[in-house]
Amino acid sequence: MRKVTVYIHPTCLASYRLIKHLHSRGLLERVEVVSTANSMQHVLANRVWSVPWIVVDGEPAATDPVEPLEAEAIITGAWSPTSSKGVEEAFMEAVLHSAYASSIAYVHDGLEAVVDPLLVSAAVRAPLRKVMVEDVVDRLRAKSRELWEAWRDKIMRALGISFVREYWWARGGRLEADELRSSVNTAVIGLWLIAKASLGRSGLPSNPVPRRELVEKLARFVLRGAAGLVARVEREQNTILADSEYWRLLGSLGIE
């Protein structure tokens with residue numbers, strides 16, 4: 001029998017939906033669920049770039065965006081390609097959905113630092129599609145500048161949502177749009193990007209100062225959309241944090 005490990009974080013909406021779906025299908029006992037909240041040794045050893053992160057027999061087989069039905073098919077062995085997206089789009093969507101990968105790319109102003117074989121494997125479902133990761137890596141590196149230019153603004157907007165979510169946490173789950181606007185400036189955004197894109201200094205460019213143009217663009221996005229971003233984060237997080245059944249389920253899995 002194949003070994004399937006699913007990495008999640010309790011506050012991740014995709015993880016939340018996935019765990020609830022697998023529970024409803026009676027599939028949780030068929031997988032090992034690991035929370036990245038208290039398993040840094042597993043995160044670092046296995047280079048978990050994003051959650052959900054699904055590993056099949058030791059190989060990264062899927063990551064966000066991953067729908068619950070796709071995860072079910074992976075676990076049951078019934079997976080088959082259901083999307084016509086190519087490997088480039090699949091990889092860029094994975095970067096977009098990973099705040100860590102997105103922040104690294106944004107600080108570096110390019111994709112070179114995130115075209116990692118394990119992230120590529122999960123993004124393109126390499127073990128399931130039976131594709132050679134090395135070939136996909138070479139293809140992505142050859143087109144990295146073109147892809148980055150096409151996706152940079154999308155990634156900037158995704159980072160804006162991540163920033164507001166983490167600021168909402170830092171404010172104790174209480175945040176008004178005006179409070180957000182009064183706190184955001186290029187220095188705050190730059191500081192957050194540098195911290196987000198690094199483990200200590202690891203992951204930062206040789207010159208860690210982010211491009212001012214990119215920092216200003218992200219700051220403007222947060223300031224313009226403050227009310228909508230705060231409302232979106234509140235809906236998302238309150239849905240998860242208020243679901244007592246979900247937290248009891250995580251407790252039964254040894255996750256706090």
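Mentor: Buried means under 20% relative accessible area, exposed over 50%, and partly exposed in between, with a 1.4 Å probe and protein chains only. This is a predicted model, where local features need pLDDT of at least 70, side-chain atom pairs count only at pLDDT 80 or more, and totals for chains, interfaces and linings use all residues. Residues are numbered from 1 along each chain as its sequence is written, and side-chain values use heavy atoms, leaving out hydrogens and water.

Trainee: OK, is aspartate 57 buried, exposed or partly exposed?
Mentor: Aspartate 57 has 48% relative accessibility, so it counts as partly exposed. Its phi is positive, about 50°, although it is not a glycine.

Trainee: And where does aspartate 57 sit?
Mentor: In the loop between strand 3 and strand 4. Helices (H or I, at least four residues) and strands (E, at least two) are DSSP runs, numbered from the N terminus.

Trainee: What about phi of lysine 130?
Mentor: That one is positive too, near 60°. Lysine 130 lies in the loop between helix 7 (126-129) and helix 8 (133-142), and at 71% relative accessibility it counts as exposed.

Trainee: Switching topic: which residue does a cis peptide bond join to proline 52?
Mentor: Valine 51, with omega about -10°. Proline 52 is in the loop between helix 2 (40-46) and strand 3 (53-56).

Trainee: And which residue is joined to proline 65 by a cis bond?
Mentor: Aspartate 64, and omega there is about 5°. You'll find proline 65 in the loop between strand 4 (59-63) and helix 3 (68-76).

Trainee: Why flag these at all?
Mentor: Because most residues other than glycine have a negative phi, and most peptide bonds are trans.
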